[in-house]
Structure formats: structure tokens, C-alpha cells
Amino acid sequence: MKQALAIMGGWFIWMAGFLVLYAVHGLHCGARGFPADMVRPALFATYLAVALAQAGWWAWTRRVEASSGERHFVARLARLSALAALLAWLAAGAPVLFTSTCA
């Protein structure tokens, strides 16, 4: 179970971050409203916090891989999966930095 969590942890962080990012966006553009002057900083803060969490997870998997013995394949797979999730977050979340908040 710990091995599966190590492999999928980065994607769980990605999923949670995407959920929060869209929730903030939806609160701003939806009927409830969100202060217009606060939406861009809130989106950026979410993007940055998730990117830092992803980078931290990747660093942790690198440390685990360095100390792994017979589970080297699983540790390497976890590290590569964490890196893929980090890169996916940087690409998927980047539009919040430069696009309009509501169409």
C-alpha cells in the first residue's frame, strides 16, 4: 500500500490542486461571486502552493530512491511519476498566470 501511495502521491496532489483551482475560479465566475481584486492572487497562490507541494513530493521520492535497497524499481517509478505530475501541474495550471479569469 505504501508503494502505491508513493507512486500515485504526486497525482493526488495534482488532483487536489486542480480541484481547488477550479473551485476558486468557479466561485469568482459563478453566481456567488468572489472579490474581483482577490481572484488573481488567490489563483496564483493556489498554483504556487501546489507547485511547491509537488516539488516537495518529488524531493521526498528522490530521497527514498537514494535509500532504497531491493525496492529500487518502485522507488524509481515513484520518482518519475512525481516528476511527471509536477510537470503536468506546471503546464495545466500555467494559464491562471496570464489568461482572463472569466470568459
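Modeller: Let us start with the second largest pocket. The largest share of its lining, 4 residues, comes from α1. Keep in mind that this is a predicted model.

Colleague: Step back to the whole protein. In what order do its elements run from the N terminus on?

Modeller: The secondary structure comes to 4 helices and 0 strands. From the N terminus on, the order is α-α-α-α.

Colleague: What percentage of the residues of the protein count as buried?

Modeller: The cut-off for buried is under 20% relative accessible area. The accessible surface of the protein comes to about 6500 Å², and 72% of that belongs to carbon and sulfur atoms. The protein has 103 residues, and the buried part is 30%.

Colleague: Of the contacts with a separation of 6 or more, what percentage joins residues 24 or more positions apart?

Modeller: A contact here means heavy atoms within 4.5 Å. Among contacts with a separation of 6 or more, the part from residues 24 or more positions apart is 74%.

Colleague: Now the largest pocket. How much space lies in it?

Modeller: Its lining includes Lys2, Trp57, Thr61 and Ala78. Two or more lining residues come from each of α1 (2–29), α2 and α3 (72–93). By class, the lining has 8 nonpolar, 2 polar and 2 charged residues. The space comes to about 250 Å³.

Colleague: Thr61 is in that lining. Is Thr61 buried or exposed?

Modeller: Thr61 lies in helix α2 (residues 36–67). Buried means under 20% relative accessible area. Thr61 has 1% relative accessibility, so it counts as buried.

Colleague: Which residue has its backbone oxygen 2.7 Å from a polar atom of the Thr61 side chain?

Modeller: First, set aside the neighbours of Thr61 within four places in sequence: Thr61 is then in contact with Ala6, Ala78, Arg79 and Ala82. The 2.7 Å distance runs from a polar atom of the Thr61 side chain to the backbone oxygen of Trp58.

Note on methods. Residues are numbered from 1 along each chain as its sequence is written. This is a predicted model: local features need pLDDT of at least 70, side-chain atom pairs count only at pLDDT 80 or more; totals for chains, interfaces and linings use all residues. Side-chain values use heavy atoms; hydrogens and water are left out. Buried means under 20% relative accessible area, exposed over 50%, partly exposed in between (1.4 Å probe, protein chains only). Accessible areas come from the Shrake-Rupley method with a 1.4 Å probe; for residues, only the protein chains shown count as cover. A polar contact is a pair of N or O atoms within 3.5 Å; within protein, one must be able to donate a hydrogen and the other to accept it, and residues adjacent in sequence count only if both atoms are side-chain atoms. On a 1 Å grid over the protein atoms alone, a cavity is a set of points where a 1.4 Å probe fits but cannot get out, and a pocket is an open set with protein on both sides within 12 Å along at least five of seven lines; lining residues have an atom within 4 Å of a point. Grid points are joined across faces, edges and corners, and a volume is the space filled by probe spheres set on the points. Ala, Val, Leu, Ile, Met, Phe, Trp, Tyr, Cys and Pro count as nonpolar, Asp, Glu, Lys and Arg as charged, and the others, Gly among them, as polar.
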